[in-house]
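Work through the exercises below with the sequence and the 3D view side by side. Try each task before reading its solution.

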Amino acid sequence: MVRTLLVRGLLLGLLAGLVAGVFAFAVGEPRIDDAIALENAAAAPGHGHGAAAEPESATHGHESGTHEQETRKHEHGEEVSRGTQKAGLFLATGLYGLAVGGVFALAFAGLRGRVGPRSDAALALAAAGTAFAAVIVVPFLKYPANPPAVGDPETINTRTLLYLAMIGVGLLSTAIAVTTARSVRGGPWARWPAAVLAFVVPVAVASLLLPTVDEVPDGFPATLLWQFRITSIGTQLVFWASFGTLFGWFCDRAARAPAPAPA
């Protein structure tokens with residue numbers, strides 16, 4: 001049964017990842033293009049007197065001249081680099097879905113019949129929603145995603161560790177909430193408030209104790225920043241909603257399938 005769940009999780013995770021990739025491509029890529037244009041304009045000599053259209057000449061510093069710009073555009077042109085990135089987006093979301101789907105399936109096999117709803121379909125939806133809240137929403141509230149041109153490259157390791165720490169807090173808070181819900185007596189009216197409180201308190205404490213990271217440069221468009229962030233969490237919402245629904249539907253379908261007749 002575990003093998004069946006694992007294969008199901010891998011395939012459906014890959015499919016959900018591609019669905020999320022379509023959303024990210026349609027909604028998120030225009031925001032990234034706008035942010036890259038701002039980054040190039042800020043880095044270009046003269047701040048936008050023609051050099052902003054040549055991202056590679058801006059990246060490499062102080063070179064100038066029409067011939068140099070055209071040569072670099074031909075060798076490292078914006079269309080080629082961005083086209084490669086956009087194609088790689090689907091590879092990235094597909095691999096992400098594949099990995100997450102496999103881990104989710106193994107966790108689902110461990111939870112099945114022990115925690116949560118008795119129905120496989122309901123358990124799949126509940127587990128997907130819980131994973132989205134713990135692994136995506138919790139760190140996003142403290143350290144939201146930033147577009148290109150936002151963030152100091154020298155602090156990327158620190159920011160990554162802080163983000164991973166918040167993921168750990170989200171997972172730990174989930175475990176505390178589940179344990180609390182199972183130990184509290186008195187029916188759902190007592191269990192659910194206790195579980196929510198057990199989840200929220202560690203998250204709130206960690207959010208207060210961990211340092212705040214604010215590296216948005218002055219003058220960066222607030223609308224573009226929030227559009228990018230909404231798109232970022234929207235991509236994750238599309239993935240987890242698609243994956244949870246698909247996994248739950250296939251689990252429900254498998255449960256309703258008639259058992260094979262004995263030989």
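This is a predicted model: local features need pLDDT of at least 70, side-chain atom pairs count only at pLDDT 80 or more; totals for chains, interfaces and linings use all residues.

**Exercise 1.** Which kind of aromatic pair do F104 and F247 form?

Solution. 
- Step 1: Start from the count, which comes to 12 aromatic pairs.
- Step 2: Take F104 and F247, whose ring centres are 5.3 Å apart and whose planes stand at 80°. Planes over 60 degrees apart count as edge-to-face, and this pair is edge-to-face.
- Step 3: Find the two residues in the chain. F104 belongs to helix 4 and F247 to helix 8, so the pair ties together parts that are 143 residues apart in sequence.
- Step 4: Check burial: F104 and F247 are both buried.
- Step 5: Return to the rings of Exercise 1. W240 and F243 also form an edge-to-face pair, with 6.3 Å from centre to centre and 85° between the planes.
- Step 6: One aromatic cluster is formed by Y96, F104, F108, F239, W240, F243 and F247.

**Exercise 2.** Which residues have the most contacts inside the largest nonpolar core?

Solution. 
- Step 1: The largest nonpolar core has 21 residues. Those with the most contacts inside it are L5, F104, F108, F239, W240, F243 and F247.
- Step 2: Ask which elements supply the core. Helix 1, helix 4, helix 5 (120–142) and helix 8 each give two or more residues to it.
- Step 3: Helix 5 gives the largest share, 7 residues.
- Step 4: In soluble globular proteins, nonpolar side chains tend to be buried together.

**Exercise 3.** Which residues form a nonpolar patch on the surface?

Solution. 
- Step 1: The patch is formed by L14, L18, L91, L95 and L98, which together have about 410 Å² of accessible area.
- Step 2: Helix 1 (2–43) and helix 4 (78–111) are the elements that give two or more residues to the patch. The largest share, 3 residues, comes from helix 4.
- Step 3: Take one residue as a check. L91 sits in helix 4. Its relative accessibility is 56%, so L91 counts as exposed, the cut-off being over 50%.

**Exercise 4.** How many salt bridges does the structure hold? Describe each one.

Solution. 
- Step 1: The structure holds 2 salt bridges.
- Step 2: One joins R159 to E215, with 3.3 Å between the closest N and O atoms. R159 is in helix 6 (residues 156–183), while E215 is in the loop between helix 7 (188–209) and helix 8 (222–256); the pair links distant parts of the chain, 56 residues apart.
- Step 3: R159 is partly exposed at 24% relative accessible area, and E215 is partly exposed at 23%.
- Step 4: Another joins D120 to R112, where the closest N and O atoms are 2.9 Å apart. D120 has a relative accessible area of 14% and is therefore buried, whereas R112, at 32%, counts as partly exposed.

Technical notes: Residues are numbered from 1 along each chain as its sequence is written. Side-chain values use heavy atoms; hydrogens and water are left out. Patches are made of residues with over 30% relative accessible area and no salt bridge: like charges are joined within 9 Å, nonpolar side chains (Val, Leu, Ile, Met, Phe, Trp, Tyr) within 5 Å. Accessible areas come from the Shrake-Rupley method with a 1.4 Å probe; for residues, only the protein chains shown count as cover. A salt bridge is a side-chain nitrogen of Lys or Arg within 4 Å of a carboxyl oxygen of Asp or Glu. Helices (H or I, at least four residues) and strands (E, at least two) are DSSP runs, numbered from the N terminus. Buried means under 20% relative accessible area, exposed over 50%, partly exposed in between (1.4 Å probe, protein chains only). Rings of Phe, Tyr and Trp (its six-membered ring) pair if their centres lie within 6.5 Å; planes under 30 degrees apart count as stacked, over 60 as edge-to-face and the rest as tilted. A nonpolar core is a set of buried Ala, Val, Leu, Ile, Met, Phe, Trp, Tyr and Cys residues joined through side-chain atoms within 4.5 Å.
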